[in-house]
Amino acid sequence: QVQLVESGGGSVQAGGSLRLSCAASGRLSNYAWGWFRQAPGKEREFVAAIMWSRTTYAESVEGRFTISADNAGSPGNLQMNSLHPEDTAVYFCAAGPFLTRQWDQYAYWGQGTQVTVSS
C-alpha cells in the first residue's frame, strides 16, 4: 500500500516563500512526481512535475516555483517563492508512471496541505 504525505504548508504574506515536501511509504521506482493544487470552487490545477532530471511547470508558477528531488527517483519537493494570494489552495503530491500535466494520469495521491497567501 503506497501512501503519500505532504508537509510544509502554512500561511505567509504575499512575496513570501514556502517549501512543500512529499514523503512516500512503499516502494515506487521509475515514477513521476507531481504537485497539483485546488482552490475552493475551482478545478484541480497542475503546478509542477519531475521525473528523474526532467521537470515541467505550469505557466503561472514558472520562474517562481522549483520542483526538485533529494535523490533521483525520490518524491519531488516544491520550493515556492514570490507567492501571490492567487497561489492560495490545497496542494497535493501525486505519483504516476510518466511525466504529465494531467491529474488523472497520476495513480497515487496525498491528502493535501493548505497554503494560504495573504495580501
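Contact here means heavy atoms within 4.5 Å.

**Figure 1. The whole chain in a predicted model.** Of the contacts in the chain with a separation of 6 or more, 57% are between residues 24 or more positions apart. The secondary structure consists of 11 strands and zero helices. Along the sequence the pattern is therefore written β-β-β-β-β-β-β-β-β-β-β, and the chain is as compact as a globular protein of its length, because its radius of gyration of 13 Å is close to the 14 Å that the globule rule gives for 119 residues. Taken along the principal axes, the C-alpha atoms fill a box of roughly 40 × 25 × 20 Å.

**Figure 2. The largest nonpolar core.** This core has 36 residues. Those with the most contacts inside it are W33, W35, V47, F65, L78, M80 and Y91. At least two core residues come from each of these strands: β3 (18–25), β4 (32–38), β5 (45–51), β7 (65–69), β8 (76–80), β9 (89–96) and β11 (113–118). With six residues, β5 gives the most to the core. In soluble globular proteins, nonpolar side chains tend to be buried together.

**Figure 3. An open sheet of four strands.** The strand order is β1-β3-β8-β7, and the pairing is antiparallel. At the edges are β1 (3–7) and β7, each of which pairs on one side only. From one strand to the next, the twist averages 20°.

**Figure 4. The pairing of β3 with β8.** These two strands run antiparallel and are joined by three bridges. L18 has M80, in β8, as its bridge partner. M80 is also among the residues with the most contacts inside the largest nonpolar core.

**Figure 5. S82 and its surroundings.** S82 lies in the loop between β8 and β9. Leaving aside residues up to four places away in sequence, S82 touches G15, G16, S17, R64 and D87. One of these, R64, is 18 residues from S82 along the chain, and the C-alpha atoms of the two are separated by 6.0 Å.

Note on methods. Residues are numbered from 1 along each chain as its sequence is written. This is a predicted model: local features need pLDDT of at least 70, side-chain atom pairs count only at pLDDT 80 or more; totals for chains, interfaces and linings use all residues. Side-chain values use heavy atoms; hydrogens and water are left out. A nonpolar core is a set of buried Ala, Val, Leu, Ile, Met, Phe, Trp, Tyr and Cys residues joined through side-chain atoms within 4.5 Å. Buried means under 20% relative accessible area, exposed over 50%, partly exposed in between (1.4 Å probe, protein chains only). Two strands pair if DSSP finds at least two bridges between them. Axes are lines fitted to C-alpha atoms, for helices over the stretch in contact, and angles run from 0 to 180 degrees between N-to-C directions. The radius of gyration is taken over C-alpha atoms; the globule rule is 2.2 Å times the number of residues to the power 0.38.
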